[in-house]
Amino acid sequence: MLSVKGVSKGYGGQLVLDNISLDIQEGEFLAIMGANGAGKSTLLKILALLLRPSTGRLLYKGMEVTRDRESYYRKSLGFLGHNSFLYEELTAWDNLMFYGQLYGVNDIERRIEEWLDHIRLIGFARDPVKVFSRGMQQRLALCRVLLLQPDVLLLDEPYTGLDGNGQVLLDSILKNFRKTVVMVSHDLGKSKELADRIVFIEEGRLNGLDGRIL
Ligand SMILES: Nc1ncnc2c1ncn2[C@@H]1O[C@H](COP(=O)(O)OP(=O)(O)O)[C@@H](O)[C@H]1O
Ligand SMILES: [Mg+2]
């Protein structure tokens, strides 16, 4: 279980997250919804250890989450945000090889090939990322995250930029993904279709609804 305990975050004088507490079960698919500027991405970045909360803490499997590079939680994480973290000058293949080696992925060449094939980018494996369209970059960014086999997958509006086929592919990947997922979305239909539970951020606070009864 991943627990958010009393997390608040302010920028300057403005409080964006106000004492958020949330338990996310292992294997649960949680959708976070809310208006533009509500604080969804801020909460997700805190879960991804990219932002430090002003107050509050995270627990993972009952242990305090630490921010050091070797922390167990950090190694379990996969984060897909608005920044693709891809190197524009490198090819699709070399980007995946770089991240795969960095994270010690086993049987790396076979996995890269499988993911590029699955996400329909295999024909572009040797092309530099700078010639990719936004949607192609989003597909590759998704590959980068999934290649590392995260136990906790954090997605910030992952459908952005994907064409129809890309959306269908992502639907099937997420429906078959058995690990924990936290997805920020403003699409209620998608959230209802995929999530076990939906929470809404309004004025810095969380309001929960059970996705199955919506
Ligand atoms: N780095 C930052 N500095 C100052 N304000 C920020 C920063 N990042 C986000 N904000 C503000 O925090 C609020 C929440 O932003 P964000 O979490 O990105 O919202 P959402 O993802 O729900 O659209 C917004 O009012 C935004 O302007
Ligand atoms: Mg956002």
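Author: We go through pockets, a cavity, a surface patch and a helix in turn. Keep in mind that this is a predicted model.

Reader: How much space lies in the largest pocket?

Author: About 790 Å³. Next, look at what lines it. The largest pocket has a lining of 24 residues. R69, R74, L77, Y103 and L148 are the ones nearest its centre.

Reader: Which elements each supply at least two residues of that lining?

Author: There are helices and a strand to find. α2 (72-76), α3 (92-102) and α5 (134-147) each do so, and β6 (77-80) does too.

Reader: How does the lining of the largest pocket divide by class?

Author: Count nonpolar, polar and charged residues separately. Here the lining has 12 nonpolar, five polar and seven charged residues.

Reader: And the second largest pocket: what volume, and which residues line it?

Author: The space is about 170 Å³. Its lining is G81, H82, N83, S84, R134, Q137, Q138, D156, E157 and T160. Helix α5 gives the largest share, three residues. By class, the second largest pocket has seven polar and three charged lining residues, and no nonpolar ones.

Reader: How do I read a cavity?

Author: A cavity is a space where a 1.4 Å probe fits but cannot get out, whereas a pocket is open. Searching the whole structure for cavities of 30 Å³ or more finds one.

Reader: What is the volume of the largest cavity, and what lines it?

Author: Its volume is about 40 Å³. M1, L2, I24, Q25, E26, Y60, V152 and T180 form the lining. Five of these residues are nonpolar, two polar and one charged.

Reader: Now the surface. Which residues make the nonpolar patch?

Author: Y87, F98, L102 and Y103 make a nonpolar surface patch of about 430 Å². Y103 also lies among the residues nearest the centre of the largest pocket. Y87 sits in the loop between β6 and α3.

Reader: Last one. Why is helix α1 described as largely enclosed?

Author: Count its buried residues. Helix α1 spans residues 40-47, and six of its eight residues are buried, so the rest of the structure largely encloses it. The buried ones are K40, T42, L43, L44, I46 and L47.

Reader: What comes just after α1?

Author: Check the backbone there. L49 takes a positive phi of about 65°.

How values were computed:
Residues numbered from 1 in each chain as written. Chains lettered and ligands numbered in written order. Predicted model: local features only at pLDDT ≥ 70, side-chain atom pairs only at ≥ 80, totals over all residues. Heavy atoms only, no water. 1 Å grid on protein atoms, 1.4 Å probe; cavity = no way out; pocket = protein on both sides within 12 Å on 5 of 7 lines; lining within 4 Å. Points joined across faces, edges and corners; volume = space filled by probe spheres on them. Helix = DSSP H or I, 4+ residues; strand = E, 2+ residues; numbered from the N terminus. Nonpolar A, V, L, I, M, F, W, Y, C, P; charged D, E, K, R; others polar. Patch = residues over 30% accessible without salt bridge, like charges linked within 9 Å, V, L, I, M, F, W, Y side chains within 5 Å. Areas by Shrake-Rupley, 256 points an atom, 1.4 Å probe, with all protein chains shown as cover. Salt bridge = Lys/Arg side-chain N within 4 Å of Asp/Glu carboxyl O. Buried < 20%, exposed > 50% of the residue type's maximum accessible area, 1.4 Å probe, protein only.
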